[in-house]
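Dear colleague,

Please find below the structure that I am handing over to you, together with an account of what was found in it. I would be grateful if you would read the notes with the model open beside them.

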Amino acid sequence: MIEIDSYLKVNNICKAFEQPDGSQLLVLDCVSFGLGPGEIMALMGPNGSGKTTLVRLIAGELSPDSGEIWLQGQNITQKPEYQRSTAIGRVYQESYKSLASELTVQEILCIASKRKGRLSFKFARAESVLESVGLYSAEAEQFLRSHLSIPTHLLSGGQNQLLALIVALLGEPSLVLLDEHLASLDQKYRSVADGFLTMYVRTRQCSVIAATHDKEWAEMTASVEGTLSNHVLGIRPLAR
Amino acid sequence: MDQLLAIIILSSILIFVATAAMLTFRFAGFPDLSVDGVFTLGGVVFAKCLINGFGLFASLVVGASAGLVVGALTAMIADRFRINPLLASVLILTILYSVNLRVLGTANQPLYQYSDFPHLHGALYSFGLISLAIIIMLGAYLFFKTEMGSALRMTGSSPKFLIAVGRNISVYRAVLVSAAGVFVSLSGALLSFHLGFVDVAIGNGTIIVGIASLIIGEKICGRERLGAQIGSAAVGIVLYELAAGVALSLGISATDVKLATGIITISLLGLSKRDRDRFLS
């Protein structure tokens with residue numbers, strides 16, 4: 001299933017956790033797959049099947065027991081999480097962790113848009129960030145403009161989640177990892193999030209892995225379905 | 001009036017300790033307990049430089065820089081050896097007891113005879129100290145409003161966000177703890193200058209001054225906005241010193257002042273929001 005020129009290559013990743021009684025709990029057993037540019041993988045499977053563990057391994061939050069992870073021809077297996085984040089955008093399962101609750105939307109956008117560069121000693125001004133978001137989705141730009149000066153702890157759960165998705169796509173990441181990124185969104189915000197994500201991926205040709213239970217979303221949006229079952233990953237291309 | 005001015009001047013010196021507590025406890029999420037030792041270090045390094053003819057300004061700069069080195073070391077020890085920040089800072093505090101004695105070479109040292117700067121206690125001196133405090137606090141406010149500053153102050157409260165946007169929080173934490181070290185040792189150097197002597201026990205209890213001031217200030221100003229957060233350090237230290245002044249004016253002996261200020265601080269912290277609003281109005 002692994003293509004030689006894959007954008008993202010996960011080779012024989014194994015991960016087990018030590019339990020309180022000293023025994024090993026196997027979560028992932030030699031998981032391998034490849035993902036090309038512009039591909040969206042819906043990572044599915046029942047609770048406890050290892051979806052979030054796989055996302056955390058790729059992000060660098062956990063280290064694999066064995067195996068390798070390659071991104072754009074670079075072996076990133078040993079890279080610390082913050083270094084991987086210059087190329088990987090992420091929405092955590094608890095979306096508030098993807099944001100800084102005490103900062104305003106404007107300050108968060110400015111910091112996140114400098115994913116690959118240095119932060120400046122200027123006051124946060126998000127105009128250029130808003131314009132770049134507007135290229136992909138006018139609704140997403142409108143959402144940001146109407147909440148610009150609000151600290152994110154005052155946003156609702158759904159607004160936080162939409163903002164977390166937009167933030168994950170700022171700074172031109174090569175790979176975006178989403179974990180239950182639609183769980184708190186109502187129909188309106190869901191359509192904004194989906195529109196922004198698909199347009200962004202189509203234009204920038206970045207890869208996306210989205211851990212989800214939403215079969216309908218997977219069939220509508222994803223190009224590949226990865227199903228974790230009995231510690232192994234099964235891959236199925238989806239016709240769209 | 002003189003007593004009030006004395007409290008304001010002392011607050012202008014100790015405001016840096018409250019600010020340091022804000023940097024470590026609030027911004028970095030790194031409870032640094034080495035404050036007592038770093039405060040003394042600032043004083044003894046300042047004194048040693050003054051004795052060796054460095055001049056007042058250079059001595060203050062070197063005294064403050066000593067805190068930078070210790071702060072960086074504390075953060076590095078906690079990060080590299082994965083030691084709890086509380087333990088790392090207590091270890092540094094213990095080491096500093098010996099270091100401070102070795103640097104000064106004696107338990108205490110008068111400084112009047114070494115300073116060619118007239119030890120002013122007039123209007124210019126007071127104005128200078130208060131201005132220095134205001135300028136540094138204003139500078140801190142402006143810095144923490146920038147992109148870089150905004151990211152730095154999220155180190156303790158939102159580390160996942162910073163990591164997810166490619167920031168190395170170990171470096172951020174070290175920067176904040178080092179900056180706090182500079183503030184604390186600057187405060188120690190200024191107090192030694194103000195008192196005209198240095199003592200190896202000059203820093204005892206400083207950590208409580210910093211934390212109590214910050215918490216008192218936050219109870220009154222809140223910490224929702226950056227201005228309120230930074231302002232709380234100023235309000236807190238003035239109230240803390242006022243409490244100490246009140247205790248002294250009530251005839252409490254100097255040795256019991258820390259006991260009295262501790263009790264007053266606990267009472268202030270124990271006030272409910274409604275009581276506090278009524279008290280302030």
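**Strand pairing in chain A**

In strand E9 of chain A, A:Glu225 is the bridge partner of A:Ala42. Please bear in mind throughout that this is a predicted model. The bridge belongs to the pairing of strand E3 (residues 40-44) of chain A with E9(A), which is parallel and extends over 4 bridges.

E9(A), residues 224-229, is also joined to strand E10 (residues 232-237) of chain A, in this case by 6 bridges and in the antiparallel sense. Within that pairing, A:Val224 has A:Pro237 in E10(A) as its bridge partner. The hairpin formed by E9(A) and E10(A) leaves 2 residues between the strands, and A:Asn230 adopts a positive phi there, near 50°.

Which side chains of E9(A) point to the buried face, and which to the other? A:Val224, A:Gly226 and A:Leu228 point to one face and are buried.

**Chain B as a whole**

Chain B has 12 helices and 2 strands. In sequence order, its elements follow the pattern α-α-α-α-β-α-α-α-α-β-α-α-α-α. Its radius of gyration is 19 Å, close to the 19 Å given by the globule rule for 281 residues, so chain B is as compact as a globular protein of that length. The C-alpha trace spans about 55 × 50 × 30 Å along the principal axes of chain B. Buried residues make up 47% of the 281 in the chain. Of the contacts in chain B between residues at least 6 apart in sequence, 74% join residues at least 24 apart.

**Individual sites in chain B**

B:Leu10 lies in helix H1 (residues 2-28) of chain B. B:Leu10 and B:Glu241 are 231 residues apart in sequence, yet their C-alpha atoms are 7.6 Å apart in space.

B:Leu87 is part of helix H4 (residues 85-104) of chain B. B:Leu87 is likewise partly exposed, having 13 C-beta neighbours inside 10 Å. A C-alpha separation of 9.0 Å divides B:Leu87 from B:Asp32, 55 residues away along the chain.

Helix H9 (residues 206-221) of chain B has 16 residues, which at 1.5 Å a residue should span 22 Å; the end C-alpha atoms are 22 Å apart, so the two values agree. Its buried residues include B:Thr206, B:Ile207, B:Val209, B:Gly210 and B:Ile211. After H9(B) comes B:Gly222, with a positive phi near 80°.

**Core and chain contact**

The largest nonpolar core has 157 residues, of which A:Met41, A:Ile166 and B:Val17 touch the most other members. Helix H8 (residues 169-195) of chain B makes the largest contribution to this core, with 15 residues. Nonpolar side chains tend to be buried together in soluble globular proteins.

Which residues are in contact with B:Val17, leaving aside its neighbours within four places in sequence? They are B:Val35, B:Phe39, B:Val184, B:Ser187, B:Thr206, B:Val209 and B:Gly210.

The contact between the chains takes 26 residues from chain A and 17 residues from chain B. On the chain B side, helix H6 (147-152) and helix H7 (159-164) each supply at least two residues. The residues of chain B that touch chain A comprise 7 nonpolar, 6 polar and 4 charged.

With kind regards

Terms used
Residues are numbered from 1 along each chain as its sequence is written. Chains are lettered from A and ligands numbered from 1 in the order in which they are written. This is a predicted model: local features need pLDDT of at least 70, side-chain atom pairs count only at pLDDT 80 or more; totals for chains, interfaces and linings use all residues. The radius of gyration is taken over C-alpha atoms; the globule rule is 2.2 Å times the number of residues to the power 0.38. A residue is buried if 20 or more other C-beta atoms lie within 10 Å of its own, exposed if 12 or fewer, and partly exposed in between; C-beta atoms are placed from the backbone. Two residues are in contact if their C-beta atoms, placed from the backbone, lie within 7 Å. Ala, Val, Leu, Ile, Met, Phe, Trp, Tyr, Cys and Pro count as nonpolar, Asp, Glu, Lys and Arg as charged, and the others, Gly among them, as polar. A nonpolar core is a set of buried Ala, Val, Leu, Ile, Met, Phe, Trp, Tyr and Cys residues joined through C-beta atoms within 7 Å. Two strands pair if DSSP finds at least two bridges between them. The expected span of a helix is 1.5 Å times one less than its number of residues.
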